[in-house]
Amino acid sequence: MHEYQIGKAEKDAEYKLLNRAFDDLFPICRSITGLGIESSLNYFKNLMPLTIEQVKSGTTVFDWVTPASWLFKRARLWGPKGNLICDTEVNNLHVINYSEPVDREIDFADLRPHLYSIPHLPDAIPYVTSYYKRTWGFCLAHNILKSLPQGKYKVRIESSFDDEGGVPFGQCSLAGQSKKEILLTSYLCHPSMANNELSGPLVLLGLYNRIKHWPKRRFTYRFLLNPETIGSLCYLYKYGDALKENLEAGLILTCLGGPKSKLRYKKSKRNDSLFDKLVSGASNEEWDFIDFTPLSGSDERQFCAPGFNLPMGQASRNSYGEYEGYHNSLDTKEYMSIDSLIRSIDEIEKLLIKAEYGTKVINLCPYGEPQLGKRGLYPTMNSYQHTQGSSDNALDSRQELNSILTILSEATGDVDMLDIAEKIGIDLVHLMPIIDKLEGHQLIQFNSSRVL
């Protein structure tokens with residue numbers, strides 16, 4: 001498996017796919033329900049075999065009640081001279097997400113409490129929502145807001161609410177050698193923002209296409225797209241028990257574009273998942289990491305809530321609150337870049353491959369040392385001169401033989417290969433060819449490879 005690499009032609013095709021998907025998806029006015037997220041999920045369904053489900057509006061989901069679907073068409077604001085100030089067909093951030101319908105004239109004094117801007121970013125249009133309390137409003141650049149005169153304004157927000165709607169999500173899986181799962185998930189509910197919205201789903205799509213072509217998979221890989229918070233709660237409402245039984249580890253994918261050189265991993269609350277150990281291990285130099293916190297973040301807060309306490313971490317690059325375009329119109333494709341997404345796909349795929357090799361392993365020939373020589377795993381000569389290396393080049397070095405013997409000794413079924421690698425003092429990546437040999441000779445088996 002470690003020999004699998006994506007070629008240049010595949011990389012070029014990947015770039016074109018992600019670039020086209022971004023351009024198609026960016027203009028859509030998404031929310032946690034409604035036509036925007038439904039059409040976006042259907043777009044991804046054409047690229048990966050998602051099964052799309054819906055939890056009906058008005059359903060009690062733990063401590064939440066799923067909202068009515070927001071059916072939005074267009075929002076416009078005209079000034080006293082008939083000039084068009086805000087229009088969601090120009091930028092769909094101009095309307096407060098989930099605004100109720102309005103069609104009337106209004107004095108500026110009454111309009112002003114319904115206008116939102118960012119004073120310290122005077123050219124940016126903010127992203128504002130009000131999912132669970134009915135209101136309405138417009139978002140605009142602070143420079144525009146400051147220039148608005150007194151007078152009568154015309155407000156028209158074309159929207160409605162459907163109590164027969166619901167919260168949608170889509171999922172699919174790639175079967176592995178066992179039912180033990182790796183869950184990769186992102187949210188798909190924000191309107192036109194690049195890094196904060198489309199980077200996660202596009203990286204998810206890229207990972208699906210990469211993993212689909214792996215020669216083998218020890219784990220089963222599940223891919224999930226949902227609206228943030230309420231969508232993950234709806235998914236847990238329906239599938240939480242299955243995750244408790246089968247989930248080995250998972251990643252929330254968010255804010256994976258931007259210029260930072262290293263990805264950042266947020267640990268699970270449990271702090272003991274396979275990804276937690278891989279990223280925070282002493283040999284890791286490819287990722288930054290932080291501890292779990294419920295005070296900020298994304299859907300890991302739901303998956304790691306005490307009633308579930310699932311082994312879900314989070315992967316990001318330029319994360320929320322760390323760049324000036326967070327939750328506003330400065331979050332563009334140019335800031336995010338498709339190249340950054342592909343770098344994120346590359347690094348997360350490396351982590352997933354390490355996870356394939358890093359899980360618990362068992363010796364299938366545990367009654368004494370197995371005869372390595374007949375399998376070509378032991379030097380055929382045994383003398384003092386040969387104690388530091390192989391006499392017939394059957395092995396690269398004595399260190400490889402020592403690694404084999406240590407793996408076989410430690411593989412009791414309840415120890416991670418990652419821990420064995422640390423005991424040997426060799427990075428897991430460098431042990432992969434040796435692990436492949438032992439597995440090929442049916443001397444070891446990963447717990448994740450056991451068909452349940």
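Helix α1 (residues 8–25) packs against helix α5 (residues 194–212) at an angle of about 140 degrees, and their axes lie 11 Å apart. This is a predicted model. The protein has 452 residues, of which 55% count as buried, and contains 13 helices and 19 strands.

**Helix pair α1 and α5**

- α1 and α5 make a right-handed crossing.
- On the α1 side, the residues in the contact are K11, E14, L17, L18, A21, F22 and L25.
- On the α5 side, A194, L198, L202, L205, G206, N209 and R210 meet them.
- By class, the contact of α1 with α5 divides into nine nonpolar, two polar and three charged residues.

**Helix pair α10 and α13**

- The crossing of α10 and α13 is left-handed.
- From α10, the residues I353, K354, Y357 and G358 take part in the contact.
- Their counterparts in α13 are L428, V429, M432, I435 and D436.
- Six nonpolar, one polar and two charged residues make up the contact of α10 with α13.

- D427 sits in the loop between α12 (417–424) and α13.
- D427 and N284 are separated by 143 residues in sequence, yet their C-alpha atoms are 8.8 Å apart in space.

**S178, in the loop between β10 and β11**

- S178 lies in the loop that links β10 (166–174) and β11 (181–187).
- The relative accessible area of S178 is 4%, so this residue is buried.
- The side chain of S178 reaches the backbone nitrogen of K180 at 2.9 Å.

**Y239, in helix α6**

- Y239 belongs to helix α6, which covers residues 230–246.
- Y239 counts as partly exposed, because its relative accessibility is 25% and the buried class ends under 20%.
- Neighbours within four places in sequence aside, Y239 is in contact with E53, F169 and Q171.
- F169 and Q171 fall within the β10 range of 166–174, and both are contacts of Y239.
- P215 is 24 residues from Y239 in sequence, and the C-alpha atoms of the two are 29 Å apart in space.

**Overall dimensions and contacts**

- Taken along the principal axes, the C-alpha atoms of the protein fill a box of roughly 100 × 40 × 35 Å.
- Among contacts in the protein with a separation of 6 or more, 79% are between residues 24 or more positions apart.

Definitions and conventions. Residues numbered from 1 in each chain as written. Predicted model: local features only at pLDDT ≥ 70, side-chain atom pairs only at ≥ 80, totals over all residues. Heavy atoms only, no water. Left-handed = near helix turned anticlockwise from the far one by under 90°. Helix = DSSP H or I, 4+ residues; strand = E, 2+ residues; numbered from the N terminus. Contact = heavy atoms within 4.5 Å. Nonpolar A, V, L, I, M, F, W, Y, C, P; charged D, E, K, R; others polar. Buried < 20%, exposed > 50% of the residue type's maximum accessible area, 1.4 Å probe, protein only. Axes fitted to C-alpha atoms, helices over the stretch in contact; angles between N-to-C directions. Polar contact = N/O pair within 3.5 Å; in protein donor to acceptor, adjacent residues only side chain to side chain.
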